[in-house]
Amino acid sequence: MPGDRLRRVLAVLSAGGDGWSSARLCGACPQIVGVSGAGVMLMSGDIPQGSLCATDEVSQLIEDLQYTFGEGPCVDAYQQDQVVAEPDLAGPVTRRWPGFTPPALAAGVRAVFGFPLRTGTVRLGALNLYRNLPGPLTGDQHADALVVADVAARWGLEAQAGAPPGTVAEELEAGADFHFTVHNAAGIVSAQRDISVTEALIRLRAFSFSSDRPLADVAQDVIARTLRLP
């Protein structure tokens, strides 16, 4: 990556001098790239683990929608290991994300962009950017976003490297929403139905969608043993 671009990005991220955090990482993205908001979603296998950070309510909604439906720019960017851009969410060339798109549009999202977080062969998730106006990123904006995604991936790996085995680093967990309730419920469904956790999460999402109930509420009922999925 060009040294001057990296130095500029690091200067913005380091402004204030009180150390890095996931909130600072997300909060600097709109200024660096020139977008309305940003979020970082962590993934493991094909399963979204949750939101590391988000800049505003709309960004948090974007993260929550992708977690709930298992689809969206971050999910595709991670799974395809490439940048995913939808510059006109209301009039896309190819329609996709049937669960994600309507509520995102209702919240004022008009363009979304997903950039995979990876270092070498290690993939962590994806950086999500949104704008309240349609249109593609410029070449400079795209390049800046690639730098931010690379810096975020390296910071995440370095932070997690210092955590005890089987735990999440404090730097990553602070302010994050890892949906522990949903993951616990998926584990219960997995044991009840003798299926993989991935399949259990798919069933939880399907039940949430078909019953028009929040995924977190469905998970709570599974944990409380007041609901057993078919």
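Aspartate 140 forms a salt bridge with arginine 5, and the closest N and O atoms of the two are 3.4 Å apart. A salt bridge here is a side-chain nitrogen of Lys or Arg within 4 Å of a carboxyl oxygen of Asp or Glu. This pair links distant parts of the chain, with aspartate 140 in helix α6 (residues 139-161) and arginine 5 in helix α1 (residues 3-14), 135 residues apart. Helices (H or I, at least four residues) and strands (E, at least two) are DSSP runs, numbered from the N terminus. The model is a predicted one, in which local features need pLDDT of at least 70 and side-chain atom pairs count only at pLDDT 80 or more, while totals for chains, interfaces and linings use all residues. Residues are numbered from 1 along each chain as its sequence is written, and side-chain values use heavy atoms, with hydrogens and water left out.

A salt bridge also joins arginine 8 to aspartate 144, whose closest N and O atoms are 2.8 Å apart. Because arginine 8 lies in helix α1 and aspartate 144 in helix α6, this pair ties together parts that are 136 residues apart in sequence. Arginine 5 is buried, with a relative accessible area of 16%, and aspartate 144 is buried at 6% relative accessibility. Arginine 8, at 39% relative accessibility, counts as partly exposed. In these terms, buried means under 20% relative accessible area, exposed means over 50%, and partly exposed lies in between (1.4 Å probe, protein chains only).

The structure holds eight salt bridges. Side chains of opposite charge can pair when their charged atoms come close. One of the eight salt bridges is formed by glutamate 199 and arginine 203, with 3.4 Å between the closest N and O atoms. Glutamate 199 is partly exposed, with a relative accessible area of 31%, and arginine 203 is partly exposed, with a relative accessible area of 29%. Elsewhere, salt bridges that share partners join Arg5, Arg8, Asp140 and Asp144 into one network.

## The disulfide and the other cysteines

The structure holds one disulfide, the term for a pair of cysteine sulfur atoms within 2.5 Å. The disulfide joins cysteine 26 to cysteine 53, with an S to S distance of 2.0 Å. Cysteine 26 lies in helix α2 (residues 22-34) and cysteine 53 in strand β2 (residues 47-54), so the pair ties together parts that are 27 residues apart in sequence. The link is right-handed, with 65° about the S-S bond. Cysteine 26 and cysteine 53 are buried.

The sulfur of cysteine 29 is 5.8 Å from the closest cysteine sulfur, in cysteine 26, which is too far for a bond. Cysteine 29 is buried, with a relative accessible area of 1%. Cysteine 74 is in no disulfide, and the nearest cysteine sulfur, that of cysteine 26, is 9.6 Å away. Cysteine 74 is buried, with a relative accessible area of 1%.

## Aromatic rings

Rings of Phe, Tyr and Trp (its six-membered ring) pair if their centres lie within 6.5 Å; planes under 30 degrees apart count as stacked, over 60 as edge-to-face and the rest as tilted. By this rule there is one aromatic pair. The rings of tryptophan 97 and phenylalanine 100 have centres 5.8 Å apart and planes at 85°, so the pair is edge-to-face. Tryptophan 97 is buried, with a relative accessible area of 4%, and phenylalanine 100 is buried at 0% relative accessibility.

Arginine 123 lies over the face of tyrosine 78, at 4.6 Å from the ring centre. A charge sits over a ring if NZ of Lys or CZ of Arg is within 6 Å of the ring centre and within 35 degrees of the ring normal.

The buried residues of helix α10 (residues 215-223) are Leu215, Val218, Ala219 and Val222. Seen down the axis of α10, these residues fall within an arc of 100°, so they line one face of the helix; the arc is that of the directions from the helix axis to the C-beta atoms. Arginine 225, which follows α10, has a positive phi, near 65°.

Strand β1 (residues 37-44) is mostly covered, with seven of its eight residues buried. β1 pairs with strand β5 (residues 122-131) in the antiparallel sense over six bridges, where pairing requires that DSSP finds at least two bridges between two strands. The bridge partner of glycine 39 in β5 is asparagine 128.
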